[in-house]
Amino acid sequence: MEIYPESGTTMLGEDECWRLLATAEVGRLAVAVGDAPEIFPVNFVVDNRTVLFRTAEGTKLAALTVAIGRRVAFEIDGYDATTGEAWSVVVHGMAEMLDRLNDVYAAQELPLFPWEAT
């Protein structure tokens with residue numbers, strides 16, 4: 001953890017970032033579609049320092065299909081009214097679709113449910 005007193009900013013450590021990620025339910029997935037950035041709100045779960053989300057066919061899946069194997073960003077933030085502190089966690093990584101049966105079955109056991117029945 002690094003503290004920057006001149007700005008009042010604290011750089012969170014990796015463990016703290018993963019702890020905060022595990023407390024949130026909704027985040028924003030950022031992908032590049034063609035030459036344009038797109039940002040999608042998604043519900044998610046953290047499993048073994050991996051961010052997992054489920055989506056139906058549509059814009060997000062189409063964007064991810066294009067982004068598979070490409071870099072994406074995922075962001076959450078929060079605010080503690082007691083301390084007056086706000087925080088933000090940004091994860092950069094590679095988009096992957098679960099395609100091995102064991103991975104799909106394991107993901108189905110996680111507490112991750114679609115927002116819509118469709």
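Good morning. Please bear in mind that the structure before you is a predicted model.

I begin with the overall architecture. The protein has three helices and eight strands. Read from the N terminus, these elements follow the order β-β-α-β-β-β-β-α-β-β-α. The chain holds 118 residues, and 24% of them count as buried. Its accessible surface is about 8,500 Å², with 54% of that area belonging to carbon and sulfur atoms. Among contacts with a separation of 6 or more, 49% are made by residues 24 or more positions apart.

I turn now to glutamate 75. This residue lies in strand β7, which spans residues 71-80. Is glutamate 75 buried or exposed? Its relative accessible area is 16%, and because buried means under 20%, glutamate 75 counts as buried. Which side chains does its own side chain meet in polar contacts? One is that of arginine 28, at 2.3 Å; another is that of serine 88, at 2.9 Å. Setting aside neighbours within four places in sequence, glutamate 75 is in contact with Gly27, Arg28, Ser88, Val89 and Val90.

Let me move to leucine 29. This residue belongs to strand β3, residues 26-33. Leucine 29 has a relative accessible area of 4% and is therefore buried, given the limit of 20%. Where the chain is concerned, leucine 29 and phenylalanine 74 are 45 residues apart, yet their C-alpha atoms are separated by 4.6 Å.

Methods:
Residues are numbered from 1 along each chain as its sequence is written. This is a predicted model: local features need pLDDT of at least 70, side-chain atom pairs count only at pLDDT 80 or more; totals for chains, interfaces and linings use all residues. Side-chain values use heavy atoms; hydrogens and water are left out. Helices (H or I, at least four residues) and strands (E, at least two) are DSSP runs, numbered from the N terminus. Buried means under 20% relative accessible area, exposed over 50%, partly exposed in between (1.4 Å probe, protein chains only). A polar contact is a pair of N or O atoms within 3.5 Å; within protein, one must be able to donate a hydrogen and the other to accept it, and residues adjacent in sequence count only if both atoms are side-chain atoms. Contact means heavy atoms within 4.5 Å. Accessible areas come from the Shrake-Rupley method with a 1.4 Å probe; for residues, only the protein chains shown count as cover.
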